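Please open the model in your viewer and keep the selection panel at hand. The tour below moves from one selection to the next.

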Amino acid sequence: MSSTSQKHKEFVAEPMGEKAVMALAGIGEVLGKRLEEKGFDKAYVVLGQFLVLKKDEDFFREWLKDTCGANAKQQFDCYSCLKEWCDSFL
Amino acid sequence: MAYLSDEELRRQLKSFGFCPGPISDSTRKLYQNKLQKLCSEERSKARSYWTPRAQKQAFNHTEQPYDSLRQVRANSSSPLHRTRSRIRTRTRTRTPSFQGDSDESEEEYEQQSWRYTTNTEPLRRPDWQERCQNAARRNVFLERQLSRCLVACTIGLAVLLVWLVYVKTVGLGQSGDVNKNIQLLAVDCKGKKDSFCAAEENRLQMQLLSKLYNFLAEVAGDLLCGNPSKLKNKCVCLDDIKTYFSVFYPEYLDRMDDSLLTVLQSRKDFGIRLVGEDVNTPVTAVEEIHCLESTHPYMSLWCRLQRAVVIVVSRLFIFMLALLVLWGVLVLLRYRWKKLEEEDQAMYELVRKIIGAVRDHYKDWDQGLEPIPYVPIPHIRDTLIPPQNRRRMRGIWDKAVEFLASNESRIRTETHRIAGEDFLVWRWTQPSEISDSS
């Protein structure tokens, strides 16, 4: 299992394509499972949610917490991963 | 079930100045929480500002969201105590048992919304509002009273001031009816020494003195205020006084010496100064009195104002002069500093050009275009400064040369003989191509 910073680097380095939601930084097995059960089975669906919330940090973090119970660090890692990805590829 | 329609939620969020993104199933709850947060902030702000206008504004803002909250509360079907117990159990078990189906999330929203509504106490809202309005109304009323009081006080004080000024200048010395009293007096008090006569005598002396005072004060005032009768001295000769009294108040004339004696012996201030032949020595006997002068001259209001202005201006004059001088010095200093700064700027500009020129010369030598690696200082000067400026910029040039000698490490000053003449030269000593700081 690679560390979060490693995951972050790998995710941000290329377009996400069909990567699973567990490829996102901060999202491990447990959180990934919960997200998949809610219907967010691919990383791009979470990206969709991120964009629908207008890339706002507070909203996205709150949504993440409510949806899969992520703690503050996991929220922050996921948010910064997606944000950087958007800055590079969007 | 949706307590608030998406359009309504969006509209209310916009009324707070917040523009939400798309409201979908996943984002609805977030935006509802945001709306509640904004409502409670607005309400707490309205509580702290007790003015009617701000209150009105706050109520305009809270009006609609408040309706929405009431709607929310009304829509929640469960009675209060049941949901309260549910909250207690739910919050304890919330984090571990996370199942994540939509029904549970809706119920949790319900709990949260109920919690918010109880915190905001909707039932007590009318009382609070009325209390607030009453307090505001009372404040306004008090303010009006206070301002009216202040206006009345100001007017009263102004009237008082005018009256005081009038009394001081015009109202003094209004003792014009003594003549009548004298005529009414039938008793002959000459030579008698009883207490009644002594009192009479005293009274008459006082009257004489008051006449004398008036006369002297007028004379002094005339002298000070323009001198229309061309007087020379405010000290009036005793003979002149006697003449004046013999003309205007002959009945007092024989009491003159006694009155002057009284003035001399008394310690009270009669406003009349007795001056002898020699101005500086004090007078001890009536015979020594040469002239009299008033210590409280009569002057009209206009005259007083003029004198006051003149005195103030003359006293301030020296002060103003000193200030002017200082200001002039400051201006000069600033001018000087500006000039120095300009010179410095020119010097740095020249230093930059010199460095550029020396470096270029070195590069040319490196490429083989120049025979020697160093360049004489005067040659650089003549290259950079056109002939018409050379004399003017001599000071700046010298400063620049000095600066380079002490502060530039890439240029070295040497002495060489070129074509038979000794020159001070500059040599560029930095061989590598490091980029320049400028």
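UniProt positions are given in the numbering used here, feature names are shortened, and annotations may be inferred rather than shown by experiment. This is a predicted model, in which local features need pLDDT of at least 70 and side-chain atom pairs count only at pLDDT 80 or more, while totals for chains, interfaces and linings use all residues. Residues are numbered from 1 along each chain as its sequence is written, and side-chain values use heavy atoms, with hydrogens and water left out.

Select residues 146-166 and 308-333 of chain B, which an unreviewed UniProt entry lists as "transmembrane region". Residues 146-166 of chain B are 100% helix and 0% strand (helices being DSSP runs of H or I of at least four residues, strands runs of E of at least two), with end C-alpha atoms 30 Å apart. Residues 308-333 of chain B are likewise 100% helix and 0% strand, and there the end C-alpha atoms lie 37 Å apart.

Next, select chain A, whose secondary structure comes to five helices and zero strands. Of its 90 residues, 41% count as buried, that is, under 20% relative accessible area with a 1.4 Å probe, protein chains only.

Finally, show both chains: 14 residues of chain B are in contact (heavy atoms within 4.5 Å) with 10 residues of chain A. Which side chains meet in a salt bridge? Those of Asp66(A) and Lys29(B) do, at 3.4 Å from N to O, where the term requires a side-chain nitrogen of Lys or Arg within 4 Å of a carboxyl oxygen of Asp or Glu.

Note on methods
Chains lettered and ligands numbered in written order. Buried < 20%, exposed > 50% of the residue type's maximum accessible area, 1.4 Å probe, protein only.
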